[in-house]
Amino acid sequence: MGRWRDGRGVLVVHGPSPTEVPLEIAASYRARAKGLLGRSSVEGALLLSPASGIHTFRMRMAIDVAYLSRDLKVLAVRTMVPGRLGLPRVRARHVLEAEAGAMAGWGVVAGVRVEVVGVS
């Protein structure tokens with residue numbers, strides 16, 4: 001797996017019916033710090049790596065947050081409204097963010113594994 005660089009790829013959700021989702025990767029400090037700030041929507045998902053917790057201060061929308069282990073297994077999924085601080089998760093090494101409600105449609109639930117492919 002190694003370390004990623006800022007860029008784009010595809011998130012593959014290995015659930016009952018595999019799903020592919022457009023993915024933006026934020027691996028640098030600057031990209032992780034900006035995250036989804038200032039956006040009113042996001043196409044697909046944003047992967048923050050490395051990360052174990054997030055906040056939604058100054059965000060314009062509610063988001064789904066999935067905490068991922070080192071091997072990209074979903075540890076927990078939460079919906080967060082703007083202006084909240086998400087406590088860091090033990091064993092979380094990556095955080096996946098998307099518009100509120102999107103992850104349920106993709107099958108992203110605790111225990112499911114995801115994969116990042118086609119990184120550019």
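I start with a definition: a residue is buried when its relative accessible area is under 20%, exposed when over 50% and partly exposed in between, with a 1.4 Å probe and protein chains only. Helices (H or I, at least four residues) and strands (E, at least two) are DSSP runs, numbered from the N terminus.

A note on what I am reading: this is a predicted model, in which local features need pLDDT of at least 70, side-chain atom pairs count only at pLDDT 80 or more, and totals for chains, interfaces and linings use all residues. Residues are numbered from 1 along each chain as its sequence is written, and side-chain values use heavy atoms, with hydrogens and water left out.

Entry: I looked up the strand order and found 7 strands in an open sheet, 5-4-6-3-2-1-7, with mixed pairing. Two strands pair if DSSP finds at least two bridges between them. Strand 5 and strand 7 (113-117) are at the edges with a single partner strand each, so one side of each has no neighbour in the sheet. From one strand to the next, the twist averages 30 degrees.

**Entry: strand 4.** How many residues of strand 4 are buried? I found 6 of the 6 (residues 63-68), so the strand is largely enclosed by the rest of the structure. I63, V65 and Y67 are buried on one side, and D64, A66 and L68 on the other. Strand 4 pairs with strand 5 in the antiparallel sense over 6 bridges, and L68 has V74 as its bridge partner there. The hairpin of these two strands has 5 residues between them, and L72 takes a positive phi near 65 degrees. Strand 4 is also antiparallel to strand 6, over 6 bridges; here V65 is partnered with E97.

**Entry: strand 6, again.** I then followed strand 6 (residues 94-99) to strand 3 (residues 45-48), where the antiparallel pairing runs over 3 bridges. E97 turns up here too, as the bridge partner of L46.

**Entry: L75.** Next I picked a residue of strand 5 (residues 74-80), namely L75. L75 is partly exposed, with a relative accessible area of 26%. Which residues does L75 contact, leaving aside neighbours within four places in sequence? I noted Y67, L68, S69, V90, R91, A92 and A110 (contact means heavy atoms within 4.5 Å). I also noted V109, 34 residues from L75 along the chain, with 8.2 Å between their C-alpha atoms.

Key. Axes are lines fitted to C-alpha atoms, for helices over the stretch in contact, and angles run from 0 to 180 degrees between N-to-C directions.
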